[in-house]
Amino acid sequence: MTNSRVIISLLDQLNALAPSGYTVGLHIRFASPLVLKSSYPAAWQQEYQDNAYALRDPLVFWGIGVSGQTRWSEIRLPDPFSVMEKAKKYGLHYGCVVSCGPITSRSIVGCARSDREFTDDEIDSIAVIARALHEAAAPPADLTKAQIEALRLIADGDRHTAAAAKLGISESALKARLSSARVRLGARTTAEALKKAREFRLL
């Protein structure tokens, strides 16, 4: 099963555990996640985005600062913008948050219900899914210098012949570098490899 299929399967499991929705931010780097998925009400997602609540949300601050799991009600951090109170208008009354991974590539998963607190067993199950999502979405640690050079030239608009000439290698050697980069990035095409390399901040 490919990583994207694994992620979809894990999100389906998360959906079953979070009746009022979830938000998943995977491998947060430089204040931005590599993967962001949410099933919270669209109106809340819009309000959250319009008001830049990600920079003001106590759940995010907790997740960045702590690796672990807890209920929303147990987080004792200031909420000067009343993000948690505003979320209740959309049925997000109770919730839990799970944070995992190193601080340089943290993943945070928040889940909500409208009817009651999550049980310990439910939070444990969500934590298992969160860690699996973190692993499934892990980017490659790096590309070789040769792979990066080849991708950069193609990204700059060079055709294979021109790129190979600039690198002083044969066209077949260039194609081999691009092929190995695609494999490393889990991409089917060079265009997809370029997109992923940018997302993973490897270029």
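**Figure 1. Ser 82 in the loop between β3 and α4.** In this predicted model, Ser 82 lies in the loop that joins β3 (68–71) to α4 (83–87). Helices (H or I, at least four residues) and strands (E, at least two) are DSSP runs, numbered from the N terminus. The phi angle of Ser 82 is positive, near 55°, in a residue other than glycine. Most residues other than glycine have a negative phi. Ser 82 counts as partly exposed, with 34% relative accessibility; buried means under 20% relative accessible area, exposed over 50%, and partly exposed in between (1.4 Å probe, protein chains only).

**Figure 2. Ala 52 in the loop between α2 and α3.** Ala 52 is found between α2 (42–50) and α3 (58–65). Although Ala 52 is not a glycine, its phi is positive, at about 50°. The relative accessible area of Ala 52 is 32%, and the residue is partly exposed.

**Figure 3. The crossing of helices α7 and α8.** The axes of α7 (residues 160–167) and α8 (residues 171–185) come within 8 Å and cross at roughly 100°. The axes are lines fitted to C-alpha atoms, for helices over the stretch in contact, and angles run from 0 to 180 degrees between N-to-C directions. The two helices are therefore roughly perpendicular to each other. Angles under 35 degrees count as roughly parallel, over 145 as roughly antiparallel, 65 to 115 as roughly perpendicular and the rest as oblique.

**Figure 4. Residues in the contact of α7 with α8.** On the α7 side, the contact is made by His 160, Thr 161, Ala 163, Ala 164 and Leu 167. On the α8 side, Glu 171, Leu 174, Lys 175, Arg 177 and Leu 178 take part. Contact means heavy atoms within 4.5 Å. By class, this contact has five nonpolar, two polar and three charged residues. Ala, Val, Leu, Ile, Met, Phe, Trp, Tyr, Cys and Pro count as nonpolar, Asp, Glu, Lys and Arg as charged, and the others, Gly among them, as polar.

**Figure 5. The chain that holds these sites.** The chain contains nine helices and five strands. Of its 203 residues, 40% count as buried. The C-alpha trace spans about 65 × 35 × 30 Å along its principal axes.

**Notes.** Residues are numbered from 1 along each chain as its sequence is written, and side-chain values use heavy atoms, with hydrogens and water left out. Because the model is predicted, local features need pLDDT of at least 70 and side-chain atom pairs count only at pLDDT 80 or more, whereas totals for chains, interfaces and linings use all residues.
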